[in-house]
Amino acid sequence: MTRRTVARTLVYLSLIAATVVVLLPLAAVVLTSLKSEREMANDSGALALPDDLLNFHNYATAFQDGRMLSAFGNTAVILLFAIGGTVLIGSMTAYAIDRFTFRFRKLVVALFLTAALVPGVTTQVATFQIVNSFGMFDSLWAPIVLYMGTDIVSIYIFLQFVRSIPTSLDEAARLDGANAFTIYRRIIFPLLKPAIATVVIVKGITTYNDFYIPFLYMPSEDLGVISTSLFRFKGPFGAHWETISAGAVLVILPTLIVFLLLQRFIYNGFMKGATR
C-alpha cells in the first residue's frame, strides 16, 4: 500500500508539473495582454496581475490596427479549400490504393512514404519556382494548393480506415450495377466519418498555425493570415508587448475552443485507425 501511494503521488506530481509548464506561458501572455503601457514600462513582471482585469483596450488595438478581421477571413478561405481538398484527395487516393490492383501499386505506396520522409526545406526552391510559373504567387491559391498536395499523413489515415471496410460491400454494390465512383460516394466515403473528423481537426490546426507558407507566398498585407498579421505587429508595435500579447490571445482562442469541443474526435479517430 505504501509503494502504491508513493507511485500515485509521483504520478499526480508529474501531471501537476506538466500542467504548470504548459499553462504558465499562456497565463503570462493573457496577463500581459490586460496591462496598460504604463504598467509594462514599470516592468512589474510577466505574471504580475494587471490593475484592471477588464482592460480590453489592447485587444481593440490589435484587432483594428492589426487588420485581424481580414486576416481571419483569408485564413477561413484557405482552411475551407485546403481541408476540403485534402479530405477529397486523401480519401480517393486511399480508396484507389486499397481497392484497385494496378502495376507498381507497392511502388506508389513506397513513394508516398518517401515523400513524407523528405524534409520540406530541401524542395522549397523548386516548389517556389513551380508556384511562380503557374502565376499563383501572392495569391490565396498558393497556400491552398500547397496544403492540399503535401499531406501524406492524411492519406495514410484514410488508408487505415479503408482497409477496415469489408470488400463484400463493394461486391454487393457491383452486383447492383454500381461503378467504382458510386461505391466510393455512397459506401466508402460515408463510412470514413471518424477518419474525416480526425483529418479535418489535425489538418485544420496545422494550417491555421502555419506561418512559413503564407509568409513566403503571400507577401501583400491585404493577403495576410492570422500568423503573418501577428508577425507584422513587430513593426509599429515592436516595443508594445501588451498589444502583441493581445494579438496572440486572439489567435489562440479559436483553436483552443475548437480543440476543447472536438478533442474526443481526435483521440477516437487515432485510436480506431490504430486498432483496425
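**Close-up 1. Asp 138 counts as partly exposed, at 27% relative accessibility.** The model shown here and in the other views is predicted. Asp 138 sits in the loop that runs between helix H6 (124-133) and helix H7 (141-149). Its phi is near 60 degrees, a positive value in a residue other than glycine. Because 27% falls between the 20% and 50% cut-offs, Asp 138 is classed as partly exposed rather than buried or exposed.

**Close-up 2. Phe 104 in the loop between helix H4 (68-99) and helix H5 (105-117).** Phe 104 has a relative accessible area of 58% and is therefore exposed, the cut-off for this class being over 50%. The backbone of Phe 104 also has a positive phi, near 60 degrees, in a residue other than glycine.

**Close-up 3. Helix H8, residues 152-163.** The helix has twelve residues, which at 1.5 Å a residue should span 16 Å. The end C-alpha atoms of H8 are 17 Å apart, which agrees with that expectation. Buried residues in H8 include Ile 152, Ile 155, Ile 157, Leu 159 and Val 162. Phe 158 and Phe 161 are buried as well, and so is Ser 154.

**Close-up 4. A nonpolar patch on the surface.** The patch is formed by Val 6, Leu 10, Val 11, Tyr 12, Leu 13, Leu 15, Ile 16, Val 20, Leu 24 and Leu 47. Together these residues have about 950 Å² of accessible area. One of them, Ile 16, lies in helix H1 (residues 2-33). Ile 16 is exposed because its relative accessible area is 51%, and exposed means over 50%.

Note on methods:
Residues numbered from 1 in each chain as written. Predicted model: local features only at pLDDT ≥ 70, side-chain atom pairs only at ≥ 80, totals over all residues. Heavy atoms only, no water. Helix = DSSP H or I, 4+ residues; strand = E, 2+ residues; numbered from the N terminus. Buried < 20%, exposed > 50% of the residue type's maximum accessible area, 1.4 Å probe, protein only. Expected span 1.5 Å × (residues − 1). Patch = residues over 30% accessible without salt bridge, like charges linked within 9 Å, V, L, I, M, F, W, Y side chains within 5 Å. Areas by Shrake-Rupley, 256 points an atom, 1.4 Å probe, with all protein chains shown as cover. Salt bridge = Lys/Arg side-chain N within 4 Å of Asp/Glu carboxyl O.
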